[in-house]
Amino acid sequence: MTMDAPVLIVGGGPVGLATALDLGRRGVASIVVERDAGTGIELLAKAGTLNERTMEICRFWGIADAVAECGFPDDVNLDTIYCTALDGLYIGADPRPATSGRTPPDGAVEMLRKCPQFLFDPILAKAAEATGKVNLLYGHRFERMEQDDDGVAIHVTEIATGATQTLRGRYLVACDGAGSRIRRGLDVDFPGRMLSYSVSAMIRAELGDTKFGVRNRYMFVDEKGTWANLTSVDGRTLWRFTLVGNEEKLDPAVHDIGEDIARAFGPDIPVEILRVLPWRRSQCTAARYRVGNVFLAGDAAHTTSPTGGHGLNTGVGDALSLGWLLHATLTDQGGPALLDAYEAERRPVAMRNSSISTENFTNWIAAANFSDVLAPGEQGDDARARIGAEMSAALQQEWTSTGVGLGYRYEGSPLIVPDGTPAPLDPPETYRQTARPGHRAPHAWLSNGRSTIDLFGYGYVLLRFDPEASVAALTGAAREQGVTLAVIDIADPSIARLYERALVLVRPDAHVCWRGDILPDDEAARRLIRTVTGF
């Protein structure tokens, strides 16, 4: 089959663009099919928080500085205020410093950033196009697909003209959202549960002179619990108001969200409603991530409550995983088992992250006994102080979730060689570095000012902490198999203690796949290379 590109991508949102960018930086051409006329549409802003691991990936892609300079103000704090309304009663707060007052947490080379999706997507698109390997087909609608052993063909329509064409590729990545037509066409089950029905409104408002001032997030509470929240999108005047409701509220003919916005804002704050979007909050994970030559990624593979911001960040991890796996396969550096590892590794991570997000959402609703929250006098003051403290305690893992972004591991992956060490605890709030196989390789600063994380990305890397340890068997086995392997000697004892073994093998996605003190013989080295590359 003559290919238009080795990889076809349906969906030009952040995960589709990220997949194309990663492939492009590795020299793999792709075509992205997107029905919208362009990217960076302000009124469609959804995600806005990029966690520490996503920022590390952006660092590898060469766009970390562009994200940091996207325009979200460095001096805007990330506080959350609990209140009854913007002109109402104060309940409590979770103070969080502005970007200018933060540094990366322990174990991270980058820190969490605020970058609204309408600014992040154009950064991805520009960087993807700059690789010279990405063709962005905006204004095109996916119609249907066929696949055989040799590849995939997709039929698309140019929306403006009605012209149709067929694109052919070796692989297809479906990034076409929670309602993925590709997933449904493949009869892949999407088990999970509905959490709630919500309505979001993009609005403009000036909050600088209001009672609580400009904060990152406001949680609105009454006797029944949290009924809505307001989140800053651009750090200035663009906000997303989200109503927690029921299915009836999805129909604007039945329910007017303007009344809820008025309740939250009070009569004295002018509000411009820009767009209203009903949506379903769910926790679902595709039963399969791969069907033949087709892979599911992002919301097509998993849906996550936005409480915690883990959906987009999980999708970016999908993109990195697919990028290196597809590149290795297309360049004959990976065997038949390599691509099967995508589902084995990423599906458990999605289930973990979405479960944490669901727990966060549950805490929104049931974090405290909300009776007396509106009561006057000392009784009400005491109740509000108690509720504020209980909500703050219950929501810590949503506001502080370093462990979610950095602590995931590929337990049981066919490409990881366990070393028998027990799995460490996996708390959402905190992260402790480990070089145990399956985990992200630890970050440490090198003498030249680079991070160990900067050593990884292209090909496999063997870190050698003992200059006497022989690596000839492993490098020879890699050459025989046609696998790119670099050997890097590190003499710093503190970094050696962090990695705990004389030899540590790290994959292109910065995850440790093997570690040990010796390689017994040539055949052991060959078995190791074949295992970690899927041959």
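Analyst: Quick ground rule: helices are DSSP runs of H or I with at least four residues, strands are E runs of at least two, and both are numbered from the N terminus. The model is predicted, so local features need pLDDT of at least 70 and side-chain atom pairs 80 or more, while totals for chains, interfaces and linings use all residues. Residues count from 1 along each chain as its sequence is written, and side-chain values use heavy atoms, without hydrogens or water.

User: Which strands stand at the edges of the open sheet?

Analyst: The sheet has 8 strands with mixed pairing, in the order β5-β4-β13-β14-β15-β12-β16-β19; a pair needs at least two DSSP bridges. Two strands have a single partner each, so one side of each is left without a neighbour in the sheet. Those are β5 (90-94) and β19 (302-303).

User: Going into the sheet, which residue in β15 stands opposite Asn229?

Analyst: Take β14 (residues 225-232) and β15 (residues 238-245), which run antiparallel and are joined by 5 bridges. Opposite Asn229, the residue in β15 is Thr242.

User: How much space lies in the largest cavity?

Analyst: The whole structure has 2 cavities of 30 Å³ or more, a cavity being a set of points on a 1 Å grid over the protein atoms alone where a 1.4 Å probe fits but cannot get out. Points join across faces, edges and corners, and the volume is the space filled by probe spheres set on them. For the largest cavity, that gives about 110 Å³.

User: Which helix gives the most to the lining of the largest cavity?

Analyst: The lining (residues with an atom within 4 Å of a point) has 14 residues, with Asn51, Asn313, Thr314, Gly405 and Tyr408 closest to the centre. At least two residues each come from α2 (52-61), α7 (310-330), α8 and α11 (402-406). With 4 residues, the top contributor is α7.

User: How many charged residues are in the lining of the largest cavity?

Analyst: Asp, Glu, Lys and Arg count as charged, Ala, Val, Leu, Ile, Met, Phe, Trp, Tyr, Cys and Pro as nonpolar, and the others, Gly among them, as polar. The lining of the largest cavity has 8 polar and 4 nonpolar residues. The charged ones number 2.

User: And which helix and strand each supply at least two residues of the lining of the second largest cavity?

Analyst: This cavity holds about 40 Å³, and its lining is Val67, Ala68, Cys70, Phe72, Asp74, Thr99, Arg113 and Lys114. By class, that's 4 nonpolar, 1 polar and 3 charged. The two elements are α3 (64-68) and β6 (113-114).

Definitions and conventions: 1 Å grid on protein atoms, 1.4 Å probe; cavity = no way out; pocket = protein on both sides within 12 Å on 5 of 7 lines; lining within 4 Å.
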